[in-house]
Amino acid sequence: MKKLVILSGAGISAESGISTFRDAGGLWDKYPVMQVASIEGYEADPELVINFYNERRKQLLDVKPNQGHVLCAELEKYFDVTVVTQNVDNLHERAGSHNIIHLHGELTKVCSSYNPNNPKYIKELKPEEFEVKMGDKAGDGSQLRPFIVWFGEDVPRIADAAYEAEKADIFVIIGTSMNVYPAAGLLNYVPYNAEVYLIDPKDVYIDTERKITHIKKGASEGMKELMRLIAEG
Ligand code: OAD
């Protein structure tokens, strides 16, 4: 089976009703990014940051995967698929994808404030446990915090993602502005003879000389078009 790697971002979840970050009216227009998505912001006001992610986690109860996510899962019938996502929602899982690398963490998990990546203290929350409170403790006695990779923190899963990208026969970039590294740099690991597709309704600046087939559509329609194109190829 050929290897197909998907790099997804906020745009794939837009049609499910989750805001993107950098589009007009996106999350970073409403909340200062460095306040709610940086380690400095968390240290300055942990309660504000914990509440911000409580709200995002609660929203997961109201949203559903869209056809874009569903078609990513359906590709597993034809390809060995790995989804590398920058999203912290669980919509790829709920649509049925099996191999998912969350580069920026997962809303459904919480961890230690001392050592966010110690697997001993990473805990999966049940859907009804969406609210983390000040004073809730991880196994090491520290404040329980969202299992999210903030600006200023390591991206531990980037090595796994690069390993998958290196094996790609087909690489699909969907719904990401390619502004955030190291995620945006994954394309550099993709073999030069691999086919690369971009699904995004807008133009996206990608720093590369290589040929990229831009399917200028939203996630659902764009994934349908991708299925047609790769079936023909
Ligand atoms: P952005 O908000 O930067 O980019 C979203 C992209 O999705 C844009 O290129 C949009 O044109 C596109 N888009 C909008 N609607 C779409 C649709 N219906 N179908 C397909 N694409 C659509 O989001 P990301 O690139 O994911 O990190 O942002 C990367 C990281 O920056 C996030 O993971 C987050 C943020 O800061 C952290 O919080 C650590």
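The following questions and answers concern a predicted model of one protein chain.

Visitor: What conventions apply to the numbering and to the model itself?
Guide: Residues are numbered from 1 along each chain as its sequence is written, and side-chain values use heavy atoms, with hydrogens and water left out. As the model is predicted, local features need pLDDT of at least 70 and side-chain atom pairs count only at pLDDT 80 or more, whereas totals for chains, interfaces and linings use all residues.

Visitor: How many helices and strands are there in the protein chain?
Guide: Helices (H or I, at least four residues) and strands (E, at least two) are taken as DSSP runs and numbered from the N terminus. Counted in that way, the protein chain has nine helices and nine strands.

Visitor: What radius of gyration does the protein chain have, and what would a compact globule of 233 residues have?
Guide: The radius is taken over C-alpha atoms, and the globule rule is 2.2 Å times the number of residues to the power 0.38. The C-alpha atoms fill a box of roughly 55 × 35 × 30 Å along the principal axes. For 233 residues a compact globule would be near 17 Å, which agrees with the value for the protein chain, 18 Å.

Visitor: What percentage of the residues in the protein chain is buried?
Guide: Burial is judged by relative accessible area, with buried meaning under 20%, exposed over 50% and partly exposed in between (1.4 Å probe, protein chains only). By this criterion, the buried share of the 233 residues is 51%.

Visitor: What share of the contacts with a separation of 6 or more joins residues 24 or more positions apart?
Guide: A contact here means heavy atoms within 4.5 Å. Among the contacts in the protein chain with a separation of 6 or more, the share from residues 24 or more positions apart is 64%.

Visitor: Why can the buried residues of helix 8 be said to line one face?
Guide: In helix 8, which spans residues 158-165, the buried positions are A161, A162, E164 and A165. Seen down the helix axis, these buried residues fall within an arc of 160° (taken from the directions from the axis to the C-beta atoms), so they line one face of the helix. On the other side of helix 8, the exposed residues are A159 and Y163.

Visitor: Which strands are included in what covers the buried residues of helix 8?
Guide: E164, in helix 8, is buried at a relative accessible area of 13%, and, leaving aside neighbours within four places in sequence, E164 is in contact with K3, V5, T82 and I101. For the buried residues of helix 8 in general, the cover includes strand 1 (3-8), strand 2 (80-85), strand 3 (100-102) and strand 7 (170-174).

Visitor: Is Y205 buried or exposed, and which residues does Y205 contact?
Guide: Y205 lies in the loop between strand 8 and strand 9 (213-215), and with a relative accessible area of 65% it is exposed. Leaving aside neighbours within four places in sequence, the contacts of Y205 are S177 and M178.

Visitor: Which residues does F52 touch, and is F52 buried or exposed?
Guide: F52 lies in helix 5, which covers residues 46-59, and at 4% relative accessibility F52 counts as buried. F52 and V36 are 16 residues apart in sequence, and their C-alpha atoms are 7.0 Å apart. Not counting residues up to four places away in sequence, F52 touches L27, W28, Y31 and V36.

Visitor: Which residues is L48 in contact with?
Guide: L48 also lies in helix 5 and, at 31% relative accessibility, counts as partly exposed. Leaving aside neighbours within four places in sequence, L48 is in contact with Q35 and V36.
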